[in-house]
Each structure stands twice: as structure tokens, then as C-alpha cells.
Amino acid sequence: MKIDFLISKMTDGGAQRVISLIANYLDDHGHQVRIITFTGGDQYPLNADIERVRLHKQPLVKSVVFSGFFSLLSFYKKKANRPDIMNSHIDL
């Protein structure tokens with residue numbers, strides 16, 4: 001199963017830590033996992049098979065929801081990029 005986690009960044013936070021734990025668990029159990037971010041780097045350890053997608057572009061508007069929406073549309077336009085499950089943790 002292809003599973004995507006969407007989050008603004010993978011640094012400094014409880015949600016980020018939980019995503020890393022769940023992503024590692026799902027990867028260990030044979031699922032194809034991607035973590036998609038819009039800013040920042042990585043603070044938590046991830047399994048080598050977890051794909052990191054960094055849609056880090058200079059936003060016109062300071063809202064991750066607004067700027068990230070168009071980046072995601074472009075990314076998911078390609079049918080091969082579409083997941084079976086998408087889990088979002090994006091804040092304003």
C-alpha cells in the first residue's frame with residue numbers, strides 16, 4: 001500500500017515525532033511510505049526506504065496551506081505519484 005504523510009516540516013514538534021514513528025512502523029511492515037514537507041529539514045530518524053519529498057519552494061503567500069496546495073496539485077498530477085492513503089498534518 002502506498003501511504004503519504006503531509007506535514008509542513010519535520011523539525012521541532014510532537015506531530016513530527018509521531019509521524020516518524022508511524023512511518024517507520026509502516027515501512028517495517030512492507031508498506032511504501034513517503035513523507036512530504038514544504039519547509040525545514042529533518043530532525044527525527046527515518047528508515048532508509050522511506051521516500052522524502054521536499055516541495056520547498058519560496059511561497060508567494062506565507063500560508064503553507066495555500067502555497068502547498070499548488071505544489072501538491074502539480075506533484076499529484078502525475079498518476080504514478082498518487083497514494084492509496086494520504087494523512088495530513090498541515091497547520092496554518
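## A buried salt bridge

Arg-34 is buried, and Asp-4 is buried too (buried means under 20% relative accessible area, exposed over 50%, and partly exposed in between, with a 1.4 Å probe and protein chains only). Their side chains meet in a salt bridge of 2.7 Å, N to O (a side-chain nitrogen of Lys or Arg within 4 Å of a carboxyl oxygen of Asp or Glu). The pair links distant parts of the chain, with Arg-34 in strand β2 and Asp-4 in strand β1, 30 residues apart. Helices (H or I, at least four residues) and strands (E, at least two) are DSSP runs, numbered from the N terminus.

Let's stay with Arg-34 for a moment: its relative accessible area is 5%, and strand β2 covers residues 32–37. The side chain of Arg-34 also reaches the backbone oxygen of Asn-81 at 2.3 Å. Beyond residues up to four places away in sequence, Arg-34 touches several others, including Ile-3, Glu-51, Phe-75 and Pro-83 (contact means heavy atoms within 4.5 Å).

## About the model

This is a predicted model, in which local features need pLDDT of at least 70 and side-chain atom pairs count only at pLDDT 80 or more, while totals for chains, interfaces and linings use all residues. Residues are numbered from 1 along each chain as its sequence is written, and side-chain values use heavy atoms, with hydrogens and water left out.

## The chain as a whole

Two helices and four strands make up the secondary structure, and along the sequence they follow the pattern β-α-β-β-α-β. The chain has 92 residues, of which 36% count as buried. Among contacts between residues at least 6 apart in sequence, 61% join residues at least 24 apart.

The structure holds three salt bridges. Besides the pair described above, Asp-42 meets Arg-52 in a salt bridge (2.7 Å, N to O). Asp-42 lies in the loop between β2 and β3 (51–54) and Arg-52 in strand β3, so this pair ties together parts that are ten residues apart in sequence.

Arg-54 forms a salt bridge with Asp-42 as well, the closest N and O atoms being 2.7 Å apart. Arg-54 is also in strand β3, so this bridge ties together parts that are twelve residues apart in sequence. Through shared partners, Asp-42, Arg-52 and Arg-54 join into one network. Arg-52 is buried at 15% relative accessible area, whereas Asp-42 is partly exposed at 39% and Arg-54 is partly exposed at 44%.

## Two nonpolar cores

A nonpolar core is a set of buried Ala, Val, Leu, Ile, Met, Phe, Trp, Tyr and Cys residues joined through side-chain atoms within 4.5 Å. The largest one has ten residues, among them Ile-3, Phe-5, Leu-26 and Val-33. Elements giving two or more residues to this core are β1 (2–7), α1 (14–28) and β2. A second, separate core has eight residues, including Ile-36, Val-53, Leu-55 and Tyr-76.

Leu-26 of the largest core is in contact with Ile-3, Phe-5, His-31 and Val-33, leaving aside neighbours within four places in sequence.

Asp-12 lies in the loop between β1 and α1 and is exposed at 58% relative accessibility. Most residues other than glycine have a negative phi. Asp-12 is not a glycine, yet has a positive phi of about 50°.

How values were computed: Polar contact = N/O pair within 3.5 Å; in protein donor to acceptor, adjacent residues only side chain to side chain.
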